[in-house]
Amino acid sequence: MSSPTTRVTTRAMTRVIPRTVSGRVGLALLLLVVLIALTGTWFAPHDPNRTLAAPYTPPSGRLPLGADFLGRDVLSRVLSGGRSVLLYSGLATLLAYAGGLTIGLVAGYSRSWLDSVLMRVVDVLLSFPALVFLLLLATAAGRGIGSVVIASAVVQLPPIARIVKTAALEQSVRGYVEAAVARGESTFSVLRREILPNISRTLAADIGLRFTWSVLLIASVNFLGLGLQPPAADWGLMVSENRGGAALNPSAMLIPAALLGVLTLAINLLGDDMSGGDR
Amino acid sequence: MSRRPPGSPSRTAHGPLTRSGFLSSHPLALMAIRRVAAGVVTLLILSVLVFAAASVLPGDAASAILGKQATGQALADLRHRMGLDQSIPVQYWHWLTGLLHGDLGDSAAGFASGGQVSVWSQVSGKLGDSAVLALCAFVPIAVVSVLLGVYSALRAGRWQDHLISVTTLVPSALPEFVLGTVLLAVFFGWLDVLPPVSVVAPGSSPLATPSVLVLPVLTLVGVTAGPAARMVRAGMLEALGADTVAVARLNGIAEGRVVRRYALRNAIAPSIQVFALVAQYLVGGLLIVEYLFGYPGIGKELVDAVSIHDNAEVQSVTMLLAAFYIATTIVADLAVMVAVPKLRTGAA
């Protein structure tokens with residue numbers, strides 16, 4: 001259980017339309033949530049930060065999903081609250097990959113001491129719950145979403161570097177790499193023009209899994225109140241803020257929770273499809 | 001009929017005989033010593049990282065507690081009492097040797113309220129409450145995952161298998177707090193049969209009011225049982241595909257006996273690993289679930305300590321959790337060696 005989902009094979013990314021029914025359901029759900037998250041703000045009927053009614057007003061004609069704990073329109077906040085989920089998770093994944101790719105390529109190609117250092121770091125990281133590590137790093141960097149993004153990138157960097165390293169190592173002994181070296185290509189050029197294109201499909205499949213991880217980690221930290229701060233509209237934060245209204249207006253916490261759930265479920269379904277089911 | 005499955009090596013084949021003395025004849029003890037040593041090294045590296053992370057913050061805890069109006073004298077005084085006037089390596093050394101003696105240091109929150117409160121007195125009761133919750137979640141997770149995993153392996157590819165994998169996929173794909181929120185809305189908001197906040201009176205056991213445990217446990221079981229069952233299923237499938245099972249079947253042994261005697265026994269080792277992973281997962285899971293339901297455990301305590309920047313407590317609690325994490329791995333590996341005689345001779 002090194003990662004929550006199963007390993008993904010390389011041929012997966014060549015298909016755009018998933019093979020299995022569950023994979024197609026996953027893709028459809030993913031597109032739906034991404035669409036809501038990216039374009040939602042434009043359709044928000046009210047200002048997401050304005051108090052319009054009494055706290056936890058149940059759904060009515062004017063406020064289709066009711067009001068939250070400060071009397072703000074839940075629908076508008078839900079429509080505006082997905083962008084940050086995708087943005088920060090995407091940013092964390094990108095950062096983690098930028099670092100992991102560089103370190104992994106160099107470690108795999110040069111087969112130097114960097115490799116054994118990398119292994120030790122991964123071992124230490126695996127001896128620790130990722131969320132606790134994230135909290136620790138966030139403590140060190142001070143509160144706020146910036147340090148959470150950086151921390152979740154740091155947590156994921158070593159495992160990524162290890163995957164890249166393994167893939168690069170496998171390629172670096174192939175004939176075409178030796179030919180490139182013999183032609184006198186520079187190390188940078190060998191890495192970028194020869195090895196990278198040949199491991200890109202493995203990596204493309206892995207990025208999806210890392211993104212799920214980022215969504216889970218960052219949403220959880222936001223839920224714990226240690227990431228994005230009020231009055232930001234964010235699905236994770238909204239679930240946390242509106243827990244008190246479970247009896248009066250449950251939709252204030254249920255709708256953002258459901259959207260986050262659909263997002264993670266969709267990526268899981270897609271990942272299973274790419275890895276060829278769980279056989 | 002032999003008690004041992006055919007094909008497993010005899011107990012007399014010991015490891016390399018070149019090594020002399022007690023350890024060579026007790027590969028399990030040798031392995032245990034090695035693993036514990038490696039665990040201690042990992043913990044030491046971690047302690048440096050953890051201490052560095054908690055100390056790198058700009059400004060120090062003393063000025064954070066006293067605020068901007070503090071006089072130089074009061075500040076120096078408090079810094080002295082908190083040990084902040086010493087150099088970082090000295091502070092680290094104090095903290096580390098304290099940990100080894102079971103002294104987790106003094107909580108910054110305690111200094112803030114004027115007194116001196118040890119971290120241990122803050123967290124000891126909460127550790128107990130968390131242990132109760134973790135155990136209450138662990139037992140059903142173990143039972144459910146073994147039952148579902150073995151059953152779906154025996155029905156692999158049929159509708160029962162698919163039904164189990166689909167129904168467990170949905171809850172296990174959700175973040176803990178999402179599943180917990182849904183359960184909260186159903187059992188408190190809609191049915192109104194369970195409390196939304198797990199209030200446990202100080203000094204009393206959560207077992208005195210079992211209803212506060214139900215929602216946290218349900219959440220943890222829902223998220224974990226699916227992946228755990230999947231792994232048990234994989235282990236059981238592998239055991240069912242082994243030569244020993246095929247030979248036993250060809251010998252005309254009844255299928256029920258084949259499953260119990262040959263397949264299940266070989267599925268024990270991978271299952272132990274699954275249980276260890278579940279126990280480790282629970283450390284992170286407790287953080288979220290305790291915060292969600294306001295359960296007064298170590299996870300909520302850590303989140304609170306992080307949010308008020310009580311570094312002394314964050315450091316020590318983090319090390320406690322890491323020690324538990326590493327100990328679980330070691331215990332599981334040794335348990336696997338005890339359960340699988342083959343590994344006892346080969347690995348050491």
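Is B:Asp192 buried or exposed, and how many other C-beta atoms lie within 10 Å? The views below take up this residue and several other places in the predicted model.

Residues count from 1 along each chain as its sequence is written, while chains are lettered from A and ligands numbered from 1 in the order in which they are written. Since the model is predicted, local features need pLDDT of at least 70 and side-chain atom pairs count only at pLDDT 80 or more, whereas totals for chains, interfaces and linings use all residues.

**View 1. B:Asp192 sits in the loop between helix 9 and helix 10 of chain B.** B:Asp192 is exposed, with 11 other C-beta atoms within 10 Å. Most residues other than glycine have a negative phi, and most peptide bonds are trans. Helices here are DSSP runs (H or I, at least four residues), strands are runs of E (at least two), and both are numbered from the N terminus.

**View 2. A:Tyr56 lies in the loop between helix 1 and helix 2 (74-80) of chain A.** This residue is another non-glycine with a positive phi, about 55°. A:Tyr56 counts as buried because it has 22 C-beta neighbours inside 10 Å.

**View 3. A cis peptide bond joins A:Pro230 and A:Pro231.** The omega angle of this bond is about 5°. Look for A:Pro231 in the loop between helix 8 (187-223) and helix 9 (235-241) of chain A.

**View 4. Helix 1 (residues 21-43) of chain A packs on helix 3 (residues 83-110) of chain A.** Their axes are 8 Å apart and meet at an angle of about 115°, which makes helix 1 of chain A roughly perpendicular to helix 3 of chain A. Axes are lines fitted to C-alpha atoms, for helices over the stretch in contact, and angles run from 0 to 180 degrees between N-to-C directions. Angles of 65 to 115 degrees count as roughly perpendicular, under 35 as roughly parallel, over 145 as roughly antiparallel and the rest as oblique. From helix 1 of chain A come A:Val34, A:Ala37, A:Leu38 and A:Thr41, which meet A:Arg83, A:Val85 and A:Leu86 of helix 3 of chain A. Two residues are in contact if their C-beta atoms, placed from the backbone, lie within 7 Å. By class, this contact has 5 nonpolar, 1 polar and 1 charged residues. Nonpolar covers Ala, Val, Leu, Ile, Met, Phe, Trp, Tyr, Cys and Pro; charged covers Asp, Glu, Lys and Arg; the others, Gly among them, are polar.

**View 5. Helix 10 (residues 251-274) of chain A is mostly covered.** Of its 24 residues, 22 are buried. At 1.5 Å a residue (taken times one less than the number of residues), helix 10 of chain A should span 34 Å, and its end C-alpha atoms are 34 Å apart, which agrees. Chain A as a whole has 10 helices and 0 strands, and buried residues make up 50% of its 279 residues.

**View 6. Chain B meets chain A through 43 of its residues, in contact with 36 residues of chain A.** Helix 2 (27-55), helix 8 (159-173), helix 9 (176-190), helix 10, helix 12 (255-293), helix 13 (298-307) and helix 14 (311-339) of chain B each supply at least two residues of this side. Helix 9 of chain B gives the most, with 8 residues. By class, the side of chain B that touches chain A has 33 nonpolar, 9 polar and 1 charged residues. The predictor gives the complex an ipTM of 0.81 and a pTM of 0.82.

**View 7. Helix 13 of chain B is mostly covered, with 8 of its 10 residues buried.** Among them are B:Ile298, B:Leu302 and B:Val306. The buried residues pack against helix 5 (130-141) of chain A together with helix 7 (119-154), helix 12 and helix 14 of chain B. Just after helix 13 of chain B, B:His309 takes a positive phi of about 60°.

**View 8. Residues 1-19 of chain B keep a pLDDT under 50.** pLDDT is the predictor's confidence in each residue, from 0 to 100. For this stretch the model has 21 contacts beyond four places in sequence. Where pLDDT is low, the predicted coordinates should not be read in detail.

Methods
Buried ≥ 20, exposed ≤ 12 C-beta atoms within 10 Å, placed from the backbone.
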